[in-house]
Amino acid sequence: MDVLAGLLEGPRARGAFMIRALFDPPWSVRIADEAPLSVMVMVRGSAWLRPEDGTPAQRVHPGDVAIARGPDHYTCAGERDTAPFAEIRPGQHCVPLDGAPVARYTDLGLRAWGESRDGSVEMLIGTYQMRGELTGRLLDALPPLLVLPTEVWDCPLTPLLAEEISRADPGQEVVLDRLLDLLLIAALRAWFSRPEAEAPAWYRAMGDPVVGRALRLLQDDPAHPWTIADLAVGAGVSRAALARRFTGLVGEPPMTYLTNWRLALAADLLRDSGLTIAAVARKVGYGSAFALSGAFKRVYGVSPQEHRGRGGVA
């Protein structure tokens with residue numbers, strides 16, 4: 001399982017949420033739901049996205065895809081300086097900000113929210129609630145806000161997603177989950193291919209014919225008792241060549257990478273599963289709970305039990 005696959009493991013179970021947002025000018029909404037990741041697709045009209053961390057505002061047009069990395073707040077608005085009329089808080093709870101006794105923006109029915117079903121501005125918004133060590137490796141490499149305009153990436157999934165979000169057929173939630181997953185993966189791959197993107201070293205190394213093969217071996221089967229010799233055979237090179245090339249591209253030796261991958265996986269399993277510490281240890285390649293505990297505390301500063309008790313916040 002690579003990091004992109006881990007990013008999307010069980011998104012619905014982790015609180016993924018998708019809506020159509022419909023507005024008429026003037027409009028403005030402050031997003032304070034603190035979702036770790038939000039994906040926005042402009043269907044019609046345009047909008048300004050204004051982060052609150054000092055990142056420059058960006059304008060999105062029909063067909064553009066934007067990704068916002070939480071938990072920082074930001075504002076979506078028709079005009080750059082329009083003050084928000086409402087605020088979206090955790091749990092997708094909408095609170096009016098203009099003093100009106102009734103919220104200006106309301107539930108419009110199936111997966112629709114905003115002012116009017118015939119709104120001149122339409123956005124598709126998907127949020128993910130994933131949090132963890134594995135996904136953090138990817139999310140930490142993203143800017144607070146990125147925009148992929150149609151001039152650099154024309155997403156073929158946008159029309160299909162816009163059509164499917166209004167349907168109520170059996171299994172529709174699964175269809176939307178998968179479409180949103182595909183859109184996010186495609187957008188991230190398109191972004192990391194851009195010259196302005198700062199793709200992490202491990203991500204770039206996945207494209208190397210030797211190191212990429214070794215990385216996939218480690219990620220797909222972390223419980224295997226890997227040695228440099230095993231990886232070299234799998235990658236089709238000598239041990240020295242693999243060690244040198246891996247360290248040069250990834251920034252750390254293969255066995256160090258494996259240790260960090262195992263412990264990140266263990267941290268997520270401790271948070272998300274009911275497995276015993278011994279079972280988690282076996283699943284990530286440690287022979288006993290004691291062995292895992294020693295390695296875990298060296299890296300995270302707390303024991304696996306303490307990590308679990310804090311809800312995964314080390």
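**Reading the labels on a predicted model**

Mentor: Proline 71 lies in the loop between β6 (65-69) and β7 (74-77). The model is predicted.

Trainee: What is the peptide bond from glycine 70 to proline 71 called?

Mentor: That bond is cis, and its omega is near 5 degrees. Another cis bond runs from proline 25 to proline 26, with omega near -10 degrees. Proline 26 is in the loop between β1 and β2 (28-31).

Trainee: How many aromatic pairs does the structure hold?

Mentor: There are 9 aromatic pairs in the structure. One of them is formed by phenylalanine 23 and tyrosine 105.

Trainee: Why is the pair of phenylalanine 23 and tryptophan 113 called edge-to-face?

Mentor: The centres of these two rings are 6.0 Å apart, and the planes stand at 85 degrees. With limits of 6.5 Å for a pair and over 60 degrees for edge-to-face, the name therefore holds. Tryptophan 113 is in strand β11 (residues 112-114), and phenylalanine 23 in strand β1 is 90 residues apart from it. Both phenylalanine 23 and tryptophan 113 are buried. Phe23, Tyr105 and Trp113 belong to one aromatic cluster together with Trp27.

Trainee: What makes arginine 137 a charge that sits over the ring of tyrosine 257?

Mentor: The charged end of arginine 137 is 5.5 Å from the centre of that ring. The distance limit is 6 Å, and the charge must also be within 35 degrees of the ring normal. The 5.5 Å value meets the distance limit.

Trainee: Why are buried nonpolar side chains found in groups?

Mentor: In soluble globular proteins, such side chains tend to be buried together. Here the largest nonpolar core has 69 residues, and those with the most contacts inside it are Leu183, Phe192, Phe246 and Leu292. Domain 1 (3-193) and domain 2 (203-311) each supply at least three residues to this core. Another core lies apart from it and has 26 residues, including Phe23, Leu49, Ala66 and Trp113.

Trainee: Which residues does leucine 183 touch?

Mentor: Leaving out residues up to four places away in sequence, leucine 183 touches Val39, Val41, Val65, Trp153, Cys155, Leu157 and Leu161.

Trainee: How far apart do the C-alpha centres of domain 1 and domain 2 lie?

Mentor: The centres are 33 Å apart. The contact uses 11 residues from domain 1 and 12 residues from domain 2.

Trainee: What does UniProt list for residues 212-310?

Mentor: The unreviewed UniProt entry lists "domain: HTH araC/xylS-type" for that stretch. In the model, residues 212-310 are 74% helix and 0% strand.

Trainee: Why is glutamate 34 called partly exposed?

Mentor: Its relative accessible area is 34%. Buried is under 20% and exposed is over 50%, so 34% falls in between. Glutamate 34 is in the loop between β2 and β3 (37-44), and its phi is near 60 degrees, a positive value in a residue other than glycine.

Trainee: Is arginine 111 buried or exposed, and how do you know?

Mentor: Arginine 111 has a relative accessible area of 12%, which is under 20%, so it is buried. Arginine 111 is in the loop between β10 and β11. Although not a glycine, arginine 111 has a positive phi of about 50 degrees.

Note on methods
Residues numbered from 1 in each chain as written. Predicted model: local features only at pLDDT ≥ 70, side-chain atom pairs only at ≥ 80, totals over all residues. Heavy atoms only, no water. UniProt positions renumbered as here; feature names shortened; annotations may be inferred. Helix = DSSP H or I, 4+ residues; strand = E, 2+ residues; numbered from the N terminus. Phe/Tyr/Trp six-rings, centres within 6.5 Å; stacked < 30°, edge-to-face > 60°. Buried < 20%, exposed > 50% of the residue type's maximum accessible area, 1.4 Å probe, protein only. Core = buried A, V, L, I, M, F, W, Y, C linked by side-chain atoms within 4.5 Å. Domains from an automatic or database assignment. Contact = heavy atoms within 4.5 Å.
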